[in-house]
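Here's a quick briefing to read alongside the model. Take a look at the structure, then go through the notes by topic.

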Amino acid sequence: MEWRDPLHILRSEKEVHILRSDKTCKPTDLRENQIRSANTMSFSGRLGDRIFPRLTLIFAALLLAILAGIIVILFLDAMPAIKQFGLSFFGSTDWDPVNERFGALPAIYGTLLSSFIGLIIAIPLSIGAAIFLSELAPAWIRSPASFLVELLAAIPSVIIGLWGLFILVPFIRNPVESWLGDKLGFLSLFQGPPFGVGFLAAGIILAIMITPIITAVSRDAMKAVPDTQREAMYALGATRWEMISRAVLPYCRSGLIGAVILGLARALGETMAVTMVIGNSYKLTASLFSPGTTIASKIASEFSEASGEIFIGSLVELALVLFVITLLVNIVARLLVWRLTTVKVEGI
Amino acid sequence: MKKLLEKFAAPLLLVIAMVTGLIACSTSPTQTTSPRSPVSTTSPTSPSVISSLNGAGATFPNPLYTKWFDEYYKLTGIKINYQAIGSGGGIQQITAGTVDFGASDGIMTPEQQAKAEAAFGPILHIPTTSGAVAVIYNLSGIASGQLRLTGEILAQIYLKKITNWNDSRIKALNPNINLPDQPIAVVHRSDGSGTTYIFTNYLSKMSDEWKSQVGNATSVNWPGDIGAPGNAGVAGQVKQLPGSIGYVELAYARQNNLPWVTLQNSSGNFIEPSLSSTTKAAEGISLPDDMKIMITNSVNPEAYPICGFTWLLVYVNQSDQAKGKALVNMLWWAIHDGQKFTTPLDYAPLSNEAVKKAEAQILSIKYQGQPLINP
């Protein structure tokens with residue numbers, strides 16, 4: 001057995017402290033003391049040491065098993081659709097349960113587009129809020145405001161969806177969409193009748209839902225930046241803006257990317273709120289005003305009444321596609337974080 | 001190396017065991033042993049007292065079924081658990097034999113029927129009540145029932161061939177109404193539903209174009225604009241979107257005072273949706289013995305055209321005498337005494353013809369070749 005620091009096996013820091021502070025306790029006493037206490041707890045301690053790592057290993061393996069089980073079952077259930085459509089599933093814009101012709105393209109497009117709109121709105125909003133909360137806000141605002149932001153993240157999505165349908169959608173229809181249609185109608189992005197529901201509404205709802213999460217995580221990342229970094233910047237005569245933009249943000253950018261990816265993952269999988277405001281139309285159009293659909297909302301809408309192997313198989317294959325998309329997003333995020341942390345932080 | 005193997009062997013085995021277990025569980029439900037397999041005969045001599053029945057399926061009649069089963073429990077002490085999981089789910093459950101009866105707003109497809117009959121023999125569609133689908137709209141200044149449409153024009157609107165309210169064909173039907181120059185926003189159900197099944201069945205009957213391009217199912221490839229979840233979602237969309245048109249269950253439209261369209265029926269009369277005009281749809285027409293009929297576009301001159309039955313799905317050959325008897329008694333009660341609960345809950349009672357046909361079906365339910373109920 002390898003040698004360990006004798007103080008290591010004592011029950012608590014406190015005990016160490018007492019032993020150390022005891023003036024009468026000479027080094028030899030200390031050694032005797034620790035040998036005695038080590039002997040009394042050796043049996044149970046060793047057994048625990050043996051069992052605990054294996055127990056945790058089993059828990060970890062359980063998670064992997066669940067992941068493997070999900071993939072295997074999705075594959076098995078999607079098989080009828082995979083066999084029937086092959087690769088054309090990804091290029092087809094059909095969703096016709098009557099004639100059993102299914103394709104995934106509009107749902108994939110809708111998922112990516114609505115999440116993209118959500119991110120474009122949410123990123124500046126939440127990074128800005130995080131900077132304020134961690135760097136600029138007076139102390140008495142900081143903790144209540146941070147608490148409220150986290151509270152916003154805890155609102156169930158169906159409630160946000162209802163609010164979206166009854167408050168946000170009418171507002172988007174008029175004035176937002178009618179104004180955009182008037183002024184920027186020459187762009188294909190802003191054409192078509194202003195229904196209110198559609199990609200734009202879904203993107204805004206998603207932005208509202210992911211802003212708290214991105215804000216909270218980015219704020220934590222910024223708070224983790226050591227004060228020495230800030231002090232060094234100030235010592236060089238930097239302004240507050242320079243301190244934030246040159247010291248804080250570069251230092252924690254991997255944390256910021258992590259926050260954005262967390263938000264994106266939530267946006268991709270969001271179901272209820274999106275179903276209520278996206279308009280659920282299986283179409284591929286460039287206009288942000290147009291009703292569309294996402295993978296998650298399509299599955300949730302149709303699964304309970306789906307009949308027939310091909311129909312159910314197609315819905316499960318959609319689920320598989322969503323799984324792969326989220327997986328890809330996470331891999332890209334990892335690569336990005338890894339690249340950024342290996343690149344040297346820019347000098348001043 | 002050996003040590004490493006020892007360390008990981010147990011958890012690894014566990015993982016493998018669990019994955020194979022999960023795969024085994026995922027094989028199709030028909031292969032699992034079912035509780036009501038017709039082969040297993042439980043004590044044919046002494047029928048034990050049965051205290052509960054299980055059913056699952058359609059959501060549309062759920063409020064009525066809840067009321068029924070509550071009343072029936074007070075009367076007989078037999079508890080009936082009903083899960084409103086949707087018609088598709090009801091068909092799957094009865095096919096797998098996990099419930100004593102299924103419920104559906106649509107007729108089983110020939111494939112579904114074949115699958116169920118292969119497992120447990122012939123299956124009945126017993127009508128319990130009928131409902132109507134109201135077409136609702138949002139046009140300011142035009143009161144409920146004032147706007148008149150025909151089935152053909154409704155199909156053209158839902159096909160996006162008629163796109164403005166001031167279209168000459170709509171104007172010709174409504175000479176007294178000042179129809180606005182406003183685009184029509186078409187709203188449909190985004191979730192699969194029996195309401196959609198009845199609605200698209202009607203449109204398929206009224207328009208060959210609809211039949212060939214879209215068709216009839218609980219969920220179809222909509223040419224139209226906006227999908228919304230549930231009756232509440234469709235009603236919410238139509239309420240807040242000027243110029244929109246949608247369809248919801250009659251009960252929902254009545255309870256929420258939504259303005260509805262007066263539709264032309266097959267005799268050329270313009271009829272408003274109501275409980276009596278819904279019941280009329282199954283009167284004076286020839287009903288088949290198996291009751292697998294969509295009564296949309298009924299020939300009765302007083303009938304509202306978008307109506308449909310909702311059915312309970314029950315096997316002819318019951319494997320358990322006591323359960324079978326309880327089930328048959330409940331069905332008999334539902335189509336007779338139970339009908340008085342329909343109107344207060346905004347469902348249309350069965351017509352006399354429909355009750356007669358349902359009686360004959362219930363009498364045909366057997367246990368080991370013996371009828372379970374005497375007329």
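Predicted model: local features only at pLDDT ≥ 70, side-chain atom pairs only at ≥ 80, totals over all residues.

In chain B, the axes of helix H3(B) and helix H4 (residues 110-120) come within 8 Å and cross at roughly 25°. Residues are numbered from 1 along each chain as its sequence is written, and chains are lettered from A and ligands numbered from 1 in the order in which they are written.

**Helix packing**

- Axes here are lines fitted to C-alpha atoms, for helices over the stretch in contact, with angles running from 0 to 180 degrees between N-to-C directions.
- Helices (H or I, at least four residues) and strands (E, at least two) are DSSP runs, numbered from the N terminus.
- On the H3(B) side, the contact with H4(B) is made by B:Ile91, B:Ile94 and B:Thr95, and H4(B) brings B:Gln112, B:Lys115, B:Ala116 and B:Ala119; contact means C-beta atoms, placed from the backbone, within 7 Å.
- By class, that contact of H3(B) with H4(B) has 4 nonpolar, 2 polar and 1 charged residues (Ala, Val, Leu, Ile, Met, Phe, Trp, Tyr, Cys and Pro count as nonpolar, Asp, Glu, Lys and Arg as charged, and the others, Gly among them, as polar).
- Over in chain A, helix H4 (residues 105-136) packs with helix H7 (residues 199-223) at an angle of about 35°, with the axes 6 Å apart.
- The contact of H4(A) with H7(A) has 19 nonpolar, 10 polar and 3 charged residues.

**Strand S11 of chain B**

- Strand S11(B) (residues 307-315) is largely enclosed by the rest of the structure, because 9 of its 9 residues are buried (20 or more other C-beta atoms within 10 Å of a residue's own; 12 or fewer is exposed, in between is partly exposed, and C-beta atoms are placed from the backbone).
- B:Cys307, B:Phe309, B:Trp311, B:Leu313 and B:Tyr315 point one way from S11(B), while B:Gly308, B:Thr310, B:Leu312 and B:Val314 point the other way, and all are buried.
- S4(B) pairs with S11(B) in the antiparallel sense over 9 bridges (two strands pair if DSSP finds at least two bridges between them).
- Within that strand, B:Phe309 has B:Ser130 opposite.
- Strand S3(B) (residues 101-104) and S11(B) are antiparallel too, over 3 bridges, and B:Gly102 has B:Leu313 as its bridge partner in S11(B).

**Strand S8 of chain B**

- S8(B) (residues 244-249) is mostly covered, with 6 of its 6 residues buried.
- Strand S4(B) (residues 123-137) runs antiparallel to S8(B), joined by 5 bridges, and B:Val133 stands opposite B:Glu249.
- S6(B) (residues 185-189) pairs with S8(B) in the parallel sense over 2 bridges; here B:Ala185 is partnered with B:Ser244.

**Where the chains meet**

- The contact takes 37 residues from chain B and 33 residues from chain A.
- On the side of chain B that touches chain A, H1(B) gives the most, with 8 residues.
- By class, this side of chain B has 17 nonpolar, 18 polar and 2 charged residues.

Conventions: Contact = placed C-beta atoms within 7 Å.
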